[in-house]
Amino acid sequence: MKHSVILAAALVLAVSCTPEIFTHYLDVRKPSDSGVDLFRKSVAVVYMDGDVPADSAFNRSAASALARALEEDYFGGEEQIGLYRIPKADSLSLGMMHDLVMDTGGDVVFLLTTSLGETVLEENHVLQNARSVDSAYVCFAQMPLNTSLYLYDSMGQDAVRRFTGSAVLRPAVYNNGITPEENLKDKARTAVAGPEAETVGNRIAKRFLSNWQTESFSYYYFDNIDSEQWIGALQKVLDGNFTGAIDAWAPFLKSGSDVQKACACYNIGLSFYLLEDLDLAARWLDMADSLDDSLALSPGLRKRIEARKKETGK
């Protein structure tokens with residue numbers, strides 16, 4: 001959950017025994033364009049060896065970039081995604097993905113394989129202001145690339161999903177002007193294992209990064225009954241401290257009218273929803289409705305909880 005963006009002004013105070021409503025806005029995480037939601041799941045990225053060491057190096061660089069991009073989105077940049085290598089295999093099966101889940105410990109496993117096609121060299125050109133004889137010339141190579149990314153979510157359907165893509169890589173090959181063509185092709189294959197492979201990995205990752213949507217969330221508070229405590233809890237919400245807000249509302253469950261208790265239960269349920277604990281959110285909302293079945297905000301939160309359960313498969 002990103003930091004809140006406050007679009008409302010200050011709380012409007014009015015003398016009343018009925019609850020007031022305070023609304024604020026949050027950027028909410030939504031599933032990626034692929035429909036995959038990795039939030040609160042452990043993830044492993046596996047790459048397959050290529051036909052030659054240079055291809056294996058390309059696969060490793062691309063897989064590493066994929067893992068880093070997913071970490072930035074789902075884990076705040078912390079290194080939480082393991083990177084693993086397996087020997088090249090002619091075929092892939094559901095059983096293999098089951099084994100990878102067991103071997104890596106990831107709830108979700110990505111398996112990346114690539115195929116680099118025949119390298120075609122363009123004309124060799126003299127490089128102006130070259131710093132050495134070995135880099136006095138440069139030629140660009142064209143190299144077709146096909147990628148296959150297999151995804152298995154052990155917390156979802158027992159099936160393997162496959163995502164494919166293609167591109168033409170154009171690495172620059174620096175040389176002395178007399179290097180044999182086959183050696184230039186080998187150098188081109190080695191060159192793409194650097195930044196170009198990382199670009200491929202980042203491009204693959206985009207399909208699995210979260211989408212974000214700004215939504216409004218409304219809480220109850222009382223302005224003339226323990227108003228400082230109610231507003232203090234809301235300030236914790238605005239600070240993104242939902243756990244602290246829950247603790248601040250807890251004392252209202254022991255005193256006050258059923259309406260006040262119901263409002264506190266509702267606020268706690270909404271906070272658990274924002275913490276992605278959907279089961280607890282539903283339980284607190286049930287408690288709120290049992291105390292007061294006329295809360296206007298209750299039906300909307302219930303719909304949100306059910307919709308989020310469908311999105312996450314929880």
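Modeller: Gladly! Keep in mind that this is a predicted model.

Biologist: How do I describe two helices that pack together?

Modeller: Two packed helices are described by the angle between their axes and the distance between the axes. Here, H8 (residues 278-291) and H9 pack at about 160°, with axes 10 Å apart.

Biologist: Are H8 and H9 roughly parallel or antiparallel to each other?

Modeller: An angle over 145 degrees counts as roughly antiparallel, and H8 and H9 are therefore roughly antiparallel. H8 passes H9 in a left-handed crossing.

Biologist: Which residues make that contact?

Modeller: From H8, they include Leu-278, Ala-281, Ala-282, Leu-285 and Asp-289. From H9, Ser-298, Leu-301, Ile-305 and Arg-308 are among them. The residues of the H8 contact with H9 divide into six nonpolar, two polar and six charged.

Biologist: And the spacing of such residues along a helix?

Modeller: An α-helix has 3.6 residues a turn, so residues three or four places apart point the same way.

Biologist: Let's take one residue. Is Ser-298 buried or exposed?

Modeller: The cut-off for buried is under 20% relative accessible area. Ser-298 has 3%, so it is buried. Ser-298 belongs to helix H9, which spans residues 298-312. Leaving out residues up to four places away in sequence, Ser-298 touches Tyr-266, Leu-285 and Asp-289. With Asp-289 there is also a side-chain to side-chain polar contact of 2.7 Å.

Biologist: What does the side chain of Glu-276 join in a polar contact?

Modeller: The side chain of Arg-308, at 3.2 Å. Glu-276 sits in the loop between H7 and H8, and its relative accessibility of 8% makes Glu-276 count as buried.

Biologist: What covers the buried residues of H6?

Modeller: First, the buried residues themselves: in helix H6 (residues 242-249) they are Phe-242, Gly-244, Ala-245, Ile-246 and Trp-249. Their cover includes strands E1 (20-30) and E10 (211-221), along with helices H5 (227-238) and H7 (258-274).

Biologist: Where is Asn-129 placed?

Modeller: Asn-129 is in the loop between strand E6 (125-126) and strand E7 (137-153). Asn-129 is not a glycine, yet has a positive phi of about 60°. With 75% relative accessibility, Asn-129 counts as exposed.

Technical notes
Residues are numbered from 1 along each chain as its sequence is written. This is a predicted model: local features need pLDDT of at least 70, side-chain atom pairs count only at pLDDT 80 or more; totals for chains, interfaces and linings use all residues. Side-chain values use heavy atoms; hydrogens and water are left out. Helices (H or I, at least four residues) and strands (E, at least two) are DSSP runs, numbered from the N terminus. Buried means under 20% relative accessible area, exposed over 50%, partly exposed in between (1.4 Å probe, protein chains only). A polar contact is a pair of N or O atoms within 3.5 Å; within protein, one must be able to donate a hydrogen and the other to accept it, and residues adjacent in sequence count only if both atoms are side-chain atoms. Contact means heavy atoms within 4.5 Å. Axes are lines fitted to C-alpha atoms, for helices over the stretch in contact, and angles run from 0 to 180 degrees between N-to-C directions. Angles under 35 degrees count as roughly parallel, over 145 as roughly antiparallel, 65 to 115 as roughly perpendicular and the rest as oblique. A crossing is left-handed if the near helix is turned anticlockwise from the far one by less than a right angle, and right-handed if clockwise. Ala, Val, Leu, Ile, Met, Phe, Trp, Tyr, Cys and Pro count as nonpolar, Asp, Glu, Lys and Arg as charged, and the others, Gly among them, as polar.
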